[in-house]
Amino acid sequence: MNDKSLIMSRRMFLRGTGLALALPWLETFAASSRGKDETPRRFLSVYHPDGVGLPLKSDPAWKDWSWFPRGNEKDFELTKVLEVLETLRSEVTIYSGLSHPAARNVHGHSNADQYLTGAPIGGQGPYKNTISVDQVIAEHAGEFTRHASLVMSTNGGVGGPRGAQTQSFNREGRPVPAMNKPKQIFDLLFVTSGKDAAARLARSKSALDFLIANTRSLERQLSNHDQQTLSQYLDAVRDTELKLEKAQKWINTPIPQVDTRNLHLDAEPKEARLYFQTMYELVYLAFLSDSTRVATFQLGRENGEGPHDLLSLAVGLGGAHGLTHAVKNPGGWQNLGTYNRYQAEEFGRFVQKLKDTPEPNGRGNMLDNTFAMHGSASSSFHLSRNYPIISAGGKNLGFTNGRYLKFGKGNEDNQAGAGIASDAGWTSKMEVEELPLSKLFVTVLQRLGVETDSFGGESGTLTKV
Amino acid sequence: MKLPRNALLLMLGTAWTLLAADGQQAPISLEAAREQGRLKSRFLKATKDVAKSTDVIPKANVAFFAGSVGPILKKSCLACHGPEKSKGRLRIDQLNPDLLSGPDVERWREIFAALSKSEMPPEDEPNYALADADRARIVDWLTEELNAASLVRRNSKGHSSFRRLTNYEYNYALQDLLGLPFPPPNQLPPETASEDGFKNSSELLQMSAMQFDTYREMGLKALRRATVIGERPQAVTYVISMQDEMDKALSGKETKASEKATRKSKNAGTKQLLLHRETGESIQYSAGKAMPRTEAVAGPTPAVSPVVLVLPRSGELKLDLDRFLPDEGTMRVRIRAGRSSMTPDEHASLRLMFSAHTSNNANFSQVVSEHDIAVTVPAEHPQFIQFDIPLSDIQRNPFRKLNTTFPRRDEFLHIQNVSNASGGEEPLRVLIDYIEISAPFYEQWPPKSHTDIFIESKNKSDEQTYGREVLAHFLRRAWRRPLAAQEVNEFMTLFANYRPGFPTFEEAMVEVLAIALATPEFLYLTQRVTGNETKSPAKISELELASRLALFLWSSIPDDELLKLAEHGKFREPSVLTAQVKRMLADPRSRRFSQNFVEQWLGLDRMDSVTHVTDSALRGAMQEEPIAFFGEVLRHNHSIMDFIHSDYAVVNERLAAHYQIPKVFGPDFRKVAITPQSNRGGLLTCAAVMTMNSDGKDSHPLKRGIWMLKRILDDPPPPPPPNVPQVDLTNPEILKMTLKERIADHRNKPACNSCHSRIDPWGIAFENYDALGAFRTSIKNKPVDATSELFNRQTLAGIDGLKQYLLTDRQDQFARAMVHKLTAYALGRPLSFADSADIDSLTTQFRRRDDRLGDLIHLIVTSNIFNSK
């Protein structure tokens with residue numbers, strides 16, 4: 001893409017997003033193109049609770065409302081649930097046969113916690129989680145941006161053990177609180193409040209100076225050998241100083257200006273469509289302004305109740321969680337399928353927007369440099385197996401889309417656990433073979449530039465991906 | 001001087017050969033073996049205290065080599081280790097016999113090891129057999145020369161004890177320094193263990209920016225926890241009186257009459273009830289909802305009530321505390337309880353769990369009491385049992401502050417009876433009449449941890465003067481030395497810089513103190529170079545000695561008493577030092593020494609990755625046993641030969657059941673006499689050792705052999721060569737073999753033999769112990785074959801044979817290994833050849849004191865090596 005088209009398309013997206021960007025942002029673009037930074041590599045994970053519709057083949061609803069596509073890797077056919085992604089077919093990949101081994105016999109309602117971590121959190125008793133894949137990426141990509149990651153959910157906060165309201169967990173396995181108010185997210189991204197931060201930084205700076213002076217005076221009283229040992233400490237302090245300088249730089253860098261006139265920052269979950277689209281818009285803006293390169297978004301909580309369970313109002317249906325329990329009622333499969341279709345539609349809209357936006361400071365369009373995934377830790381009713389996962393983009397990262405990738409053995413037609421509406425499903429012995437989802441995460445980590453060959457206790461990648 | 005020694009060695013050598021003549025040991029008792037073995041000690045025959053000869057510059061005795069040792073080596077060794085063949089890449093004819101200045105000391109040490117363990121020359125080479133007198137001559141010469149060579153190198157050793165604190169030491173130091181009731185939650189990355197298994201080894205204790213950040217964060221958090229701001233917070237108090245509960249239950253419910261009638265029903269002994277002890281009236285009861293009361297905890301405790309909660313074995317009272325517990329601080333739980341009967345074979349303890357159930361399938365529950373607390377008094381005279389729980393460190397219900405009722409906001413406290421009460425007419429039950437829960441609980445206000453930092457002073461109103469006082473007081477303890485005025489001034493400059501950013505003196509000062517906790521003076525064990533170091537290695541200062549000693553025996557920083565003695569230059573006086581060591585070992589903090597040393601020495605953290613122990617009580621007991629055993633030997637100053645074999649075990653009920661030792665009741669570990677039939681005694685057959693050295697299904701002789709050599713005998717086998725052929729499990733012939741046959745098959749491959757013949761036999765001797773360390777006499781209906789033959793043709797007949805051999809022939813090796821391990825741990829650095837003269841000297845003194853563990857601690861603490869840089 002040459003310079004001229006870059007300018008052109010930037011104007012186009014200004015109109016296309018329904019947002020007007022003030023001029024200073026253009027300068028920020030220019031500023032961030034300096035230095036060692038390369039084309040951004042981004043990661044987004046969208047999580048929806050309660051799984052998808054998986055009727056039996058013998059059920060009349062199977063043809064239209066079974067979530068998984070039919071056919072093979074290239075020549076697959078989307079059902080009514082995912083046909084909203086047909087126009088993006090060449091940009092998406094759909095997966096089957098993946099799940100976290102430790103979750104396969106745990107009630108699906110407990111498992112939003114481990115979708116991005118793969119930790120064996122179990123169904124009751126003491127609770128311990130591990131770092132989520134997005135936070136591993138954030139540790140790596142976070143050094144290029146003002147915010148290491150953007151963690152969002154409709155419900156906000158951390159939720160309870162085995163009832164997470166965030167998809168992100170830190171190195172110690174503790175939940176990273178999610179934001180759920182568009183205004184609050186917007187303010188974090190685009191409104192300065194650096195006064196406290198500046199004072200804190202100044203104190204940290206004087207603490208480090210003090211520590212260096214103090215260490216120097218100890219150093220003079222040590223043997224040569226011990227001075228060598230102590231030099232590691234000095235290096236650690238200096239590395240911390242560098243980090244501070246970077247934080248200082250961000251404080252001094254003007255925050256991108258965004259005109260909020262067409263953003264609905266007061267939208268609430270019960271205004272489902274508006275809220276949902278606003279949240280996606282915020283991810284888009286965060287990526288576009290390179291405020292962060294990592295985001296997670298959880299739609300509702302498992303076993304939902306209350307206003308946050310009402311995204312399904314967008315398609316005129318009652319509580320989303322209830323839809324999974326009512327699949328055997330007249331029109332039940334269709335209702336659940338319709339809601340899943342709506343989720344896919346919004347994801348598709350976001351993907352399309354990334355595709356339509358040229359990469360501000362790099363190759364291709366934004367989608368080419370973003371791995372965006374959408375999925376759940378359940379497929380059928382309360383059943384944490386055969387996770388329904390869609391990914392989009394990442395062409396420049398090495399992902400080849402337009403495929404339906406089936407993993408494992410014995411469940412090529414996705415009938416294992418299909419049609420169930422009781423807890424007999426998740427307590428049953430697993431008869432088919434599935435591969436660990438963490439292997440996909442290893443692939444993703446590597447392609448996003450994290451040097452590792454294992455994640456969540458699994459090593460190795462998925463070679464087909 | 002030399003002659004009688006040689007003669008003795010000669011005699012001993014002969015006795016040894018007689019014993020091992022036909023490869024079979026005479027079947028003697030292990031006690032007799034221990035006595036016989038002691039007579040053979042090389043250290044006990046040593047006629048001078050080697051370490052004292054430091055002032056004389058030793059010279060190499062090359063003449064004796066030329067006249068005596070050289071010709072013997074030529075005769076017995078040259079054929080395989082010479083110009084024709086050079087097995088093990090050793091050419092005996094090319095070694096420099098000057099060990100003091102020559103380059104071949106390491107090779108000579110290997111030769112010394114092979115000869116003294118009778119591994120060379122090989123038994124199947126009769127033409128090159130080494131006469132005992134000749135062997136003794138070489139070993140004797142090498143002993144002297146190696147010792148001299150070590151002394152010469154002592155001054156140029158490459159390892160230093162300067163190191164940062166380990167994670168656990170850092171945690172204890174913070175806890176002790178700040179007087180915190182609980183260790184602060186540790187977020188530091190795990191440590192790497194040294195070759196010896198130690199995590200406090202100077203060269204492996206790294207520092208990174210991430211760690212540095214964590215230190216700063218943890219230090220500040222711990223300080224904020226130790227100090228308070230403002231007025232005493234109003235405590236939330238729950239009071240549950242069983243009298244009230246019964247009144248509540250009985251009022252308004254007519255159905256209770258029928259329940260009253262059932263009070264004499266058959267299974268009354270296992271039911272959970274509210275019982276009026278005088279009227280016999282009872283009613284079922286399992287869960288209560290407690291609303292907080294506003295009156296202070298200190299309110300009068302009611303008299304003992306006749307109405308009690310009857311908690312049978314595994315019974316649980318689940319209290320709904322709603323959502324009123326504070327976020328932080330200590331929750332004190334007081335339970336007035338007694339036993340329904342005092343039968344000695346039954347025990348009951350209380351345990352606390354905490355839980356929440358926020359929505360379907362979103363729940364957690366965890367044990368929050370650190371230890372179960374035994375109920376020991378009769379119900380007629382109940383006593384309070386008290387738990388302190390850190391509310392900010394346990395999993396809480398994150399929804400407790402919601403304004404809506406879903407997800408659910410309640411938090412639950414469970415009081416459980418952990419007991420072994422068994423059936424019968426009247427099994428033991430716990431009777432509780434009164435429970436009090438209060439949070440945040442403070443013994444006093446402001447708490448002692450606060451006033452220990454913000455000390456009493458007449459200058460409190462003068463921030464400059466008072467600031468200096470606070471800093472000087474705090475820094476002396478944190479840095480383990482008094483500070484110069486200038487050093488305090490530097491902190492005051494920083495304080496002046498911080499002060500405007502904080503509303504109170506205390507808050508700003510806490511920030512400054514947190515920086516002191518991130519300095520190397522706190523994080524590292526320092527040793528300063530002083531101007532007048534004439535001798536090398538130089539002595540450490542008394543203050544440095546106090547820190548080293550505190551880390552050794554308490555895994556923490558010195559207390560005020562140690563600091564005072566060191567400041568006044570009185571610490572190194574032998575009587576003072578000895579008295580202090582005694583005091584420190586008697587202090588509860590010395591439990592940290594037993595735990596950390598034993599865990600690292602034996603590699604017990606491998607138990608953490610074992611998945612085949614599913615009973616958590618058994619797992620806990622397994623992990624505790626070696627620590628408890630070590631503690632027992634230490635407390636009673638027993639011989640360390642008890643680690644090889646003892647006529648007692650240290651077990652609790654769960655482990656005794658596993659070992660089929662009868663009549664042990666209760667969760668506490670205690671010394672129990674055992675018979676030979678129990679096949680226990682010593683550390684080698686501890687269930688933990690056997691379990692972690694198994695493959696999850698069965699015993700693993702190779703792992704057990706390596707463990708023996710590495711951990712017990714300090715003789716680690718070399719790592720496997722890079723091109724080691726794998727056992728081919730696709731070969732049906734191999735698949736058919738038993739594990740022992742498979743190992744034998746592997747060992748018989750020439751490439752594998754030289755190492756495996758030194759490892760496998762040790763492990764095969766343990767074949768009577770299965771993957772959980774239980775004793776067995778058959779494997780898959782075949783009798784267990786636990787007999788093996790060592791490299792030197794020594795037969796080991798099962799565990800008794802192994803113990804007998806160790807006791808008769810390897811006492812010196814084990815004693816020296818123990819000295820080596822303990823000294824390496826005490827110094828926090830790896831030992832090298834330069835230290836071996838010191839270790840030999842310590843071993844000699846140790847063996848003279850009948851190998852007593854307590855004495856060894858004193859010997860190490862007063863030794864040159866422990867007092868030197």
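The legends below describe close-up views of a predicted model.

**View 1. The contact between chain A and chain B.**
Chain B gives 38 residues to this contact, and chain A gives 41 residues. On the side of chain B that touches chain A, the elements with two or more residues are helix H8 (209–226), strand E9 (348–359), strand E10 (362–367), helix H13 (485–498) and helix H15 (520–523) of chain B. The largest share of this side, five residues, comes from E10(B). Sorted by class, the side of chain B that touches chain A holds 17 nonpolar, 18 polar and three charged residues.

**View 2. Strand E14 of chain B and its partner strands.**
Strand E14 spans residues 430–439 of chain B, and 10 of its 10 residues are buried. Strand E2 (residues 236–241) of chain B pairs with E14(B) in the antiparallel sense, over six bridges. In this pairing, B:Val236 has B:Ala439 of E14(B) as its bridge partner. Strand E6 (residues 307–311) of chain B also runs antiparallel to E14(B) and is joined to it by three bridges. Here the bridge partner of B:Leu309 is B:Ile432 in E14(B). Strand E8 (residues 330–339) of chain B forms eight bridges with E14(B), again in the antiparallel sense. B:Arg336 stands opposite B:Tyr434 in E14(B).

**View 3. An open sheet in chain A.**
How many strands does this open sheet of chain A have, and in what order? The sheet has seven strands in the order E6-E9-E1-E10-E11-E4-E12 (chain A), and the pairing is mixed. Strand E6 (150–153) and strand E12 (403–406) of chain A stand at the edges; each has a single partner strand, so one side of each has no neighbour in the sheet. On average, neighbouring strands of this sheet are turned by 15° against each other, direction ignored. A:Val151 stands opposite A:Thr296 in E9(A). Helix H4 (residues 133–141) of chain A packs on the sheet and touches strand E1 (42–47) and E9 of chain A. The direction of H4(A) makes about 155° with that of E9(A).

**View 4. Helices H13 and H14 of chain B.**
Two packed helices are described by the angle between their axes and the distance between the axes. H13(B) and helix H14 (residues 505–516) of chain B pack at an angle of about 135°, and their axes are 9 Å apart. The two helices, H13(B) and H14(B), are therefore oblique to each other. Their crossing is right-handed. H13(B) contributes B:Phe491, B:Leu494, B:Phe495 and B:Tyr498 to the contact, while H14(B) contributes B:Ala508, B:Met509, B:Glu511, B:Val512, B:Ile515 and B:Ala516. The residues of this contact comprise nine nonpolar, no polar and one charged.

**View 5. Helices H29 and H30 of chain B.**
Helix H29 (residues 811–827) and helix H30 (residues 836–848) of chain B have axes 9 Å apart and pack at an angle of about 120°. At that angle H29(B) is oblique to H30(B). The crossing of H29(B) and H30(B) is right-handed. B:Ala815, B:Arg816, B:Val819, B:His820 and B:Thr823 of H29(B) meet B:Ile839, B:Leu842, B:Thr843, B:Phe846 and B:Arg847 of H30(B). The contact of H29(B) with H30(B) has five nonpolar, three polar and two charged residues.

**View 6. Backbone details in loops of chain B.**
Most residues other than glycine have a negative phi, and most peptide bonds are trans. The bond joining B:Met120 and B:Pro121 is a cis peptide bond, with omega about -10°. B:Pro121 lies in the loop between helix H5 (105–116) and helix H6 (132–154) of chain B. Another cis peptide bond, also with omega about -10°, joins B:Phe406 and B:Pro407. B:Pro407 is found in the loop between strand E12 (383–390) and strand E13 (412–419) of chain B.

Where is B:Lys780? B:Lys780 is in the loop between strand E18 (778–779) and strand E19 (782–783) of chain B. B:Lys780 is not a glycine, yet has a positive phi of about 50°. B:Lys780 is exposed because 6 other C-beta atoms lie within 10 Å, and the limit for exposed is 12 or fewer.

How values were computed:
Residues are numbered from 1 along each chain as its sequence is written. Chains are lettered from A and ligands numbered from 1 in the order in which they are written. This is a predicted model: local features need pLDDT of at least 70, side-chain atom pairs count only at pLDDT 80 or more; totals for chains, interfaces and linings use all residues. Two residues are in contact if their C-beta atoms, placed from the backbone, lie within 7 Å. Helices (H or I, at least four residues) and strands (E, at least two) are DSSP runs, numbered from the N terminus. Ala, Val, Leu, Ile, Met, Phe, Trp, Tyr, Cys and Pro count as nonpolar, Asp, Glu, Lys and Arg as charged, and the others, Gly among them, as polar. Axes are lines fitted to C-alpha atoms, for helices over the stretch in contact, and angles run from 0 to 180 degrees between N-to-C directions. Angles under 35 degrees count as roughly parallel, over 145 as roughly antiparallel, 65 to 115 as roughly perpendicular and the rest as oblique. A crossing is left-handed if the near helix is turned anticlockwise from the far one by less than a right angle, and right-handed if clockwise. A residue is buried if 20 or more other C-beta atoms lie within 10 Å of its own, exposed if 12 or fewer, and partly exposed in between; C-beta atoms are placed from the backbone. Two strands pair if DSSP finds at least two bridges between them.
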